[in-house]
Amino acid sequence: MSTAADHTPLKKPPKVPPIPKPSSSVLLISPTNQILLLHRVRTSSSFASAHVFPGGALAPEHDGAIPGVDDLTRHKDGPAYRMAAVRETFEESGILLAKSKKTGKLFTDISDEEREQGRKDVHGGKTSFTALLDRWGAIPDTEALIPFTRWITPPNVPKRFSTQMYIYFLPLGSTSPTKSHSRGTPPSSGLSEEDEIVIPNPTHDGGIEHTAARFLPPNKWIDLARQNRIILFPPQFFLTLMLAPYLSPTVTSPSSPIPSSSELQAERDALVNFLNAPRTSANEPEVSFAEAVISPIVLGKGEYGEKDQDGVGTGVDKHTAVLVLDYPGKEVEKQGQGRRGLREWVVTTRFKGEGPRDVDVRKRDDILGKAAVKL
């Protein structure tokens with residue numbers, strides 16, 4: 001995706017917008033149904049100061065052939081996107097979404113030192129990701145990735161990405177892939193550290209890219225964002241909010257009991273059913289989460305990333321942007337396949353210098369009414 005500065009609209013947008021770079025991102029779910037977010041430093045090369053899912057751009061030397069700009073599969077789930085999702089999660093968090101060739105279970109047959117050296121070697125280009133996995137006797141678990149929308153950066157920002165989002169469930173009852181303890185906690189999070197999964201402090205470009213890597217229940221991340229104690233960009237906020245009613249909804253404090261394995265599995269089953277169930281909006285069939293392509297469009301005279309907005313909609317002031325999510329972006333639209341995003345919801349936010357604040361999600365009809373809105 002991009003940095004907070006990159007979400008500031010260009011004063012003189014080029015006639016031809018930058019080409020979105022293919023990228024992948026993973027909503028990684030812990031054995032206790034909590035979600036991983038990484039807190040990036042101010043100098044980060046992506047989403048500075050924000051909390052993000054692990055992910056990054058596709059790389060042909062690691063992930064295989066990347067569909068060309070005019071390829072109809074350019075903005076669709078595919079092998080390169082899936083391999084990049086596994087690789088980037090490993091590089092950024094230290095958790096390897098792979099199975100052992102010997103046992104078929106989650107691969108943990110390496111020491112912390114081997115894992116850290118492998119991360120450095122892949123990121124530094126000393127070895128390909130596939131070669132590293134072969135040497136370790138591991139197989140990337142790409143089949144377990146669940147597609148969960150695609151987001152294309154609006155055309156008026158400097159850096160653009162076409163990001164395939166995935167959900168990945170770590171096995172219930174699995175033990176930690178590492179032996180050390182997780183480092184870093186959001187400000188006054190109100191929850192203790194998890195023991196099951198431990199995330200090494202990731203590094204990037206010769207310096208620390210993240211100040212923390214942390215699992216929390218989705219509802220807790222949303223609470224922190226709504227209080228403006230952390231920064232979540234619209235994609236992260238929206239997707240985390242979609243998970244909140246289903247994963248760890250009863251875990252709200254350190255004293256909250258951890259659900260049993262059967263209860264945790266029931267939570268996962270309920271989420272998958274929600275993702276797969278047919279939905280309608282304005283009496284029209286809604287696109288599935290797996291197929292949705294979203295390029296957020298701001299209603300009114302304001303642009304994506306601008307501080308001043310029109311206050312379009314009910315209960316919206318002039319500084320709040322209303323982002324509709326049903327437009328797939330020109331790159332996808334011109335392919336002529338009829339793909340689209342999600343009509344049911346809109347995102348509201350105030351764009352500040354450090355990034356979006358007061359982010360929230362509301363039903364589109366509650367804000368705009370049931371009449372069609374001209375973009």
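In this predicted model, the contact between helices α3 and α4 is made by E114, R115, G118 and V122 on the α3 side, which meet F129, L132 and W136 on the α4 side. Sorted by class, the residues of this contact are 4 nonpolar, 1 polar and 2 charged. Helix α3 covers residues 112–124 and helix α4 residues 129–136, and their axes come within 10 Å of each other while crossing at roughly 155°. Because angles over 145 degrees count as roughly antiparallel, α3 is described as roughly antiparallel to α4, and the crossing in which α3 passes α4 is right-handed. As for the spacing of such contact residues, an α-helix has 3.6 residues a turn, so residues three or four places apart point the same way.

Leaving aside residues up to four places away in sequence, L133 touches L96, A138 and P140. Its C-alpha atom is separated by 9.4 Å from that of G118, a residue 15 places away along the chain, and G118 is itself one of the α3 residues that meet α4.

Burial can also be followed along a whole helix, and here α6, which spans residues 234–243, is mostly covered, with 10 of its 10 residues buried.

The charged side chains come next, and the structure holds 16 salt bridges. One of them joins the side chains of R160 and E331, with 2.6 Å from N to O. R160 lies in the loop between β7 (146–152) and β8 (161–169), whereas E331 belongs to helix α8 (residues 330–333), so the pair ties together parts that are 171 residues apart in sequence. Both partners, R160 and E331, are buried.

A further salt bridge is formed by D360 and R226, whose closest N and O atoms are 2.9 Å apart. Since D360 sits in strand β18 (residues 355–363) and R226 in helix α5 (residues 218–226), this pair ties together parts that are 134 residues apart in sequence. D360 has a relative accessibility of 24% and therefore counts as partly exposed, and R226, at 41%, counts as partly exposed too.

Strand β18 also contributes K363, whose side chain meets that of E344 in a salt bridge of 2.2 Å from N to O. E344 is placed in the loop between α8 and β17 (345–352), and although the two residues are 19 apart, the pair links distant parts of the chain. How do the two partners stand in terms of exposure, and which of the classes buried or partly exposed applies to E344 and to K363? E344 counts as buried because its relative accessibility is 15%, while K363 is partly exposed, with a relative accessible area of 37%.

Finally, salt bridges can also be linked to one another, and in this model D63, R87, E88 and E91 are joined in a network of them.

Methods
Residues numbered from 1 in each chain as written. Predicted model: local features only at pLDDT ≥ 70, side-chain atom pairs only at ≥ 80, totals over all residues. Heavy atoms only, no water. Salt bridge = Lys/Arg side-chain N within 4 Å of Asp/Glu carboxyl O. Helix = DSSP H or I, 4+ residues; strand = E, 2+ residues; numbered from the N terminus. Buried < 20%, exposed > 50% of the residue type's maximum accessible area, 1.4 Å probe, protein only. Axes fitted to C-alpha atoms, helices over the stretch in contact; angles between N-to-C directions. Parallel < 35°, antiparallel > 145°, perpendicular 65-115°, else oblique. Left-handed = near helix turned anticlockwise from the far one by under 90°. Contact = heavy atoms within 4.5 Å. Nonpolar A, V, L, I, M, F, W, Y, C, P; charged D, E, K, R; others polar.
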